[in-house]
Each structure stands twice: as C-alpha cells, then as structure tokens.
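Subject: Structure handover

Hello,

Here is the structure I said I would pass on. Please open it alongside this message.

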Amino acid sequence: MSMRPETQPAERSGWSRRSLLKRGGMLTFLAGLFGAVPAVAQKVAEADDHALSDAVGALFQKHYQKMTPEEVQEAIARITRTAKREQGVDITVATDPPLQGVIFGYALNISKCKGVRRCVEACVAENNQGRESQIQYIRVLELEKGDMNLNDADHYFAPELVPQPGKFYMPIQCLQCDNPPCVIACPVQATWKEPDGIVVVDYNWCIGCRYCMAACPYWARRFNFSQPKIPKEQVNTDTHYLGNRPRPRGVVEKCHFCIQRTRKGRLPACLEACPTGARVFGNILDPNSDIRYVLENKTVFRLKEELGTEPKFWYYTD
Amino acid sequence: MGSLVAFFADGIKQVFRGDRLYWAWLVGLVAVIANGAYYYGQQLQQGLIVTGLSDQVSWGVYIANFTYLVGVAAAAVMLVIPAYIFDREDIKHVVLIGEGVAVAAVTMTILFVTVDLGRPDRIWHMLPLLGRFNFPQSMLAWDVLVLTGYLFLNLTIPFYMLFVKYRGGEPNFAVYFPGVLISIFWAISIHTVTAFLFSSNVARPFWNTAILGPRFLASAFTSGPALIVLALQVIDRFTAFKVHRPVIDFMALIITVSLQINLFLLGVEFFTEFYFPTEKGIASHYLFFGVNGFNALVPWIWTAFGFNVVAAFILTIHPLRARRALLNVACALAIVGVWIEKGMGLIIPGFVPTPIGEMFNYSPSQVEVFVSLGIWAAGLLVFTILTKIALPIELGTLVWVPGGTRSRYPGGPHGAASPGHPQRPQPQQPAAPEGERP
C-alpha cells in the first residue's frame, strides 16, 4: 500500500483561498446541498462523545492512500468511537500493510464441495456483513452434473440434505482479478488492487455509484442499500481498515480474502469453516505453498478466463 | 457591467411575468418537484433500500432516464449544425430553443446520477485537487467530464448570443463560431461516451457490443428532435414567438431518417442475437421473449417496437408526415418508444441474468417513480425559464435601455440601443410576449 503522506504546502498562506473553500465554503455548500444541516444540528443537540466532530471528520476525510499516518489514526479513532457509541462494542481497526513477497491465491476443489454453505456463514460472521440486509460475499451455485453453464444454476437450492445426487456445487466469491474491471470502472479510485493482490474498497471514499458492480463479471460486489445492522454480541471486533471494519450505508463492499486474518498469516474464515477441505489458500509466490502445489499438480481452470481478467482464484477437480 | 446586471434583472423579472396559464404551469411543476424532493428525502434518510434496486439489478429507472436524456441533450446539435454550418436563417431563429433543451436535459442527467448515488455527500470526491478522479481510466469519469463541459458550452454560447442581442448588437462570428464548432463535436461525444460507459463492460454481454454507440446516436437523433418539434409547436401556440413551417419540416426529416436507421440497427442486432442464439445472448432473450417465466420487460419492449414502427410508417410516407397532427402523433410515439427501448430496455437486461446466471425481476418503487417525475419537472422548469428569458430577447422585445426604464418600455425612446430589430412593440406594451393567444 502506497501511503504517501501528502505534504501540505497547498494549505499554507499562498493558497488560503482554496483552503478556505475547502474548510468553510465546501462545508456549507455540501451541508446545504445534501441536507446535512438537520443531521448536524441533531448531532449538536445530542452532543455526546464526539458525535458531531466524528460526523464532520468523516465527511471531509481524505482517500486512505492519501492520508498521513496521523490522519489514518484519527480516522480509526472516529471509527472505533462511532462503533462504541452506536453499537456499544469495542473494536480494533488494524492497518497491516501487505506482506513483502506475498501475492495471495485461492483454489477450490469442486469435486469436494458438497454445498453445505458453511463458508457463507463463516464469512458473514467474520466480516461483519449486515444481518438484516443479508449481504453475503459467497454465492454457492448448484449445478447439474455434466453442465457448467452458470445460467442453468440454482442459486437458492434448499434440499433436506446436500449433496443431492446428480448435482455439483460451485462457490463463487470475489476472484481478486489481477486485471480487475471494477478498479478501472470506479470514477474516484475508491477501490484498488493492493500489492498482495487483494482488491479492496475504501468505504469512506466510495460514492456509491455502483459502476463497479456493473463492471464485475463475477457478481462479486455488494451494496449497502441500508445501514448494516449486527447484533452486538455477533460483531467481530477484530477488524482491518480495508476489510471487515464497520461499513456505512450507501457504499460497496466485497470479499477481501479476510485481509484482517491473512495479512497476519492466518487463513480465510471460509477455508477454516469448510468441512470437506475443498479450499486451498496461500502465497502463489512461495514455491512450497499448498496453492502452488495445486496449481502445479492439478488441472485447474478459472471462471470466464476469456475476458482477460486474470482471476487469482482457481477451480480444480480431483 | 451595468448591462450585465440589467440583463439578469430583466431576465428574473421576465420569469415572474405571465398570464394565468403560465403561472398554473409553474405552480404545477413546482408541486411535482416538491413531491419528488419529499420522496428523495425519504431515500436520503433510509438509503437506497426504498428503491426497487438490488445487488442483482443495481441500476434502474434513474440510470435509464439518465441515458435517455443524454441523448436528448446531444440532439440539440441537429439544430446547431443547420443553423451555424449551413447558415439557415430560419433555424438560427430557433437554435436557442434547442440549446435550451440541451441545458434542461443535461441538468436532468446530472440530477438523475446524483439521486442514484449511495453517498451524494461525497460527490466532491470527483472534484479536481480535492478529490481523486479516475481519469482517463473510468468511463464514468469521462462521462462526468463531457457532460459538465457540454453544460458549460450550452450555457455560455447562448448566453453570449443573447447578451449581445440584449445590448442591441450583433454577435461576433469570431467569438461564437469556435464555440459552436466545439459544441457540435462535443454533442456527439457526450452520447458516444455514454454508450461506451455501457459497452465497455465485458461483464455485460448485452451492452458489450460495438453497435451500441451508433444505436445510441440514432435513437438520440430520433427522440431529441421529436421533443424539440413538440416544444417548438407549444411555444408557437402559447407565445408571440412564431416558428416557421420549414423548420418543423426539416426537423421531421431528421427524425424520419434517424428512426429508420435506428430500426435498421435494431434489426441488425436482432439478427445477430437470434440467428444462432448463444448463452451470451440470453439477456436479449429475456428482453424480447422472457426466460423461465421472467418476462417483466416483454410487454414493454414490444410496445416500444410497435410505437417506433408506427412512427416510422407515418414519418416515412410524405403525405402523412406533412399533416401536423399525424407528425405530432409520430413524434410522441417515437419519444416514448425510444424512452422504453433506451431506458429500461437497455439498462435492465444488462443486469438480467446476473453475470453468474441468476434471473431477477426489477420494477421501480414508488420513490423512484416520484423522484424521477420530480426531476423531469425540474428539467421542464429549467427549459421554461430559459425560453421565457431567451425568446423576448430573440424577438427584440426585451432589450437593454440604459437608464432604467427598460422593463416597462422595452422599445423605449433609445432606438439606437438595438438596431436591426424592426418588430419592436409599442411603448405601452409590457415586454411579455406570452399568453396573448389570438
């Protein structure tokens, strides 16, 4: 992650007009335009525990890659305070940078997948998706054996028992493309590919235009149509800024290979939850990794390879 | 400087002057806008959950209207080209109305994308220096750029022309012509870029076709001039501003040819999709025939097809097109037909089925419908205000008279202030050309 601290000559005397515009004019302009005035006024009335300053601070927060380390810490302080105030939970927000010499890859054995969808549950629990909004990063498809046409898949299969005879199962999540169309599409660079290959979103920079959702060939992106709500006791308090930290309403989110875990050397939650061992994760630059073993010894394929998106998520069979 | 202040003062006065019908029109528009604003307030409070949108169909009627209106905005060029390049005096006379349509349409496009945003409070993230604009990679960034540029061109050029006329002078060719030339290419570009916004998506085979750009232009030059033809007749009927018949005939010809090309391109696409149907073409199947019981768009698209065919029939046969009532019917059919075809008929099948094969129906919610109506009313209001100011200036009934009596006695004793405008009203007559229906 290129954390280039922005030197600030622009904000000194010679440019006072712009900084004035930025601080004052911009504030009133935006507030007036988008009805923030009543919201701000209400916050003033409540006047509890930085509510107002946090709201204003978040409104004018810079892009994650443009913030100085101090500004990142201020942003994190706002996020943790807000979580405490609104949900009553104490969360930590890590900013672990990508590990040197690491590019993450994922492989999934579709002959082992039985369609139990433990991965989906584990993902929701780990990554703090809204429970009411039912956001899920992983979609498991049920397909007829002998047919790989996704248009024939059942997205809402619900038999008594899985696997059903004659069926096979295919989980799809963000494939962390090496050439991601979503990143190109975003008009404000709110989503980008990290050096370890994970495509992340700055939830405080996303404007919610959903162009990335139109651009994604794998339907991997989700939008917070409403404020994500999680029962207090179910919140995962161990979070990463670019991963499972609390998200506001009106922004896009997606699978990030459990960045809060994998950058600490742990495995993704979906992999740990899989009862059949269908999932393999690791550093594709490490010749001794499990993922490299799969790539070198199994017949693998990737979804819609013809599009040139270069997914870092491979499917294989025994 | 004084004339500039007077220009705006007179303009504002002009807006607040009119007969009962004019006021009823304004009040009606404001009511629809207020209703839309109320529903948009709900959307701001609760989020886009109040719309019919979903992760599956993540763009809907807002973006459909946006796409349609970019075309309408671009269509002003069909008056600009004959007026300034081919020097047709009668069209030069009405070109301001076309530019007014463009300004109103661009305003609506900006409103439609804004209401579609999940975080409108972060719109400043697109601003240069303050924000982080993904240019030139993102086609959406391009679209923002070309649309604001087009708005700027269509505000400044007419402003210059009007202001010079208001001061009683003649526009300087060397000043306005470069702007006019740029605006011609710019008009084509806004709609091409908007087509690229969709066709650049490899994820969406329904959009990912080279024919999308040409189809966008053909449909734009159908519906835009059709709207202008109707607007011209309304203005002709309700104001002192008279539109000459050859202007309408010329626009009718443009609509005819564009609609014929549009239908041809539709046929080309239809052939490619259905001669040997592929899985990539399943969205077209969904649109025209439905798939597995998902057929929400089928009645719509065939209605659009029927409208366009009937309109093309009327327009193509000269004796029919020459009859004003039939021409208007054809225009109305083409406007609605293209709106369906290029709005919902273009946006929704891009999302259905999803790229991983899920069928999903979308229909706009009440909030989306009322917000959309509010934005259309806002566009009509912008158009009304612009023409209300522009037409008297174009007619020469609203001119600058240094000394301050200008508004009451626009013709005034200061004849030298506006040479070349013989048809000036009597001093007793207020400068309100509208409403005096014969």
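Below is what was found in it, taken by topic. Please keep in mind that this is a predicted model.

Contact between the chains

Chain A and chain B touch each other, with 46 residues from chain A and 43 residues from chain B taking part. On the chain B side, the elements that give two or more residues are helix 2 (20-46) and helix 7 (139-166) of chain B. By class, that side of chain B consists of 21 nonpolar, 13 polar and nine charged residues.

Domains of chain A

Chain A is assigned two stretches: domain 1 covers 9-89, and domain 2 covers 104-316. Between them, 10 residues of domain 1 of chain A are in contact with 10 residues of domain 2 of chain A. On the side of domain 1 that touches domain 2, helix 4 (residues 69-87) of chain A gives the most, with four residues. That side of domain 1 has six nonpolar and four polar residues, and no charged residues.

Cis peptide bonds

In chain A, Val162(A) and Pro163(A) are joined by a cis peptide bond, with omega at about -5°. Pro163(A) sits in the loop that runs between strand 3 (139-144) and strand 4 (167-172) of chain A.

In chain B, there is a cis peptide bond between Phe135(B) and Pro136(B), where omega is about 5°. The loop that holds Pro136(B) lies between helix 6 (95-116) and helix 7 of chain B. Helix 7 of chain B was named above as one of the elements on the side that touches chain A.

Positive phi angles

Arg210(A) is not a glycine, yet its phi is positive, at about 70°. You will find Arg210(A) in the loop between strand 6 (199-201) and helix 7 (211-215) of chain A. Is Arg210(A) buried or exposed? Arg210(A) has 24 other C-beta atoms within 10 Å, and the cut-off for a buried residue is 20 or more, so Arg210(A) counts as buried.

Trp219(A) is not a glycine either, and its phi is positive too, at about 50°. Trp219(A) is placed in the loop between helix 7 and strand 7 (221-223) of chain A.

Regards

Conventions
Residues numbered from 1 in each chain as written. Chains lettered and ligands numbered in written order. Predicted model: local features only at pLDDT ≥ 70, side-chain atom pairs only at ≥ 80, totals over all residues. Contact = placed C-beta atoms within 7 Å. Nonpolar A, V, L, I, M, F, W, Y, C, P; charged D, E, K, R; others polar. Domains from an automatic or database assignment. Buried ≥ 20, exposed ≤ 12 C-beta atoms within 10 Å, placed from the backbone.
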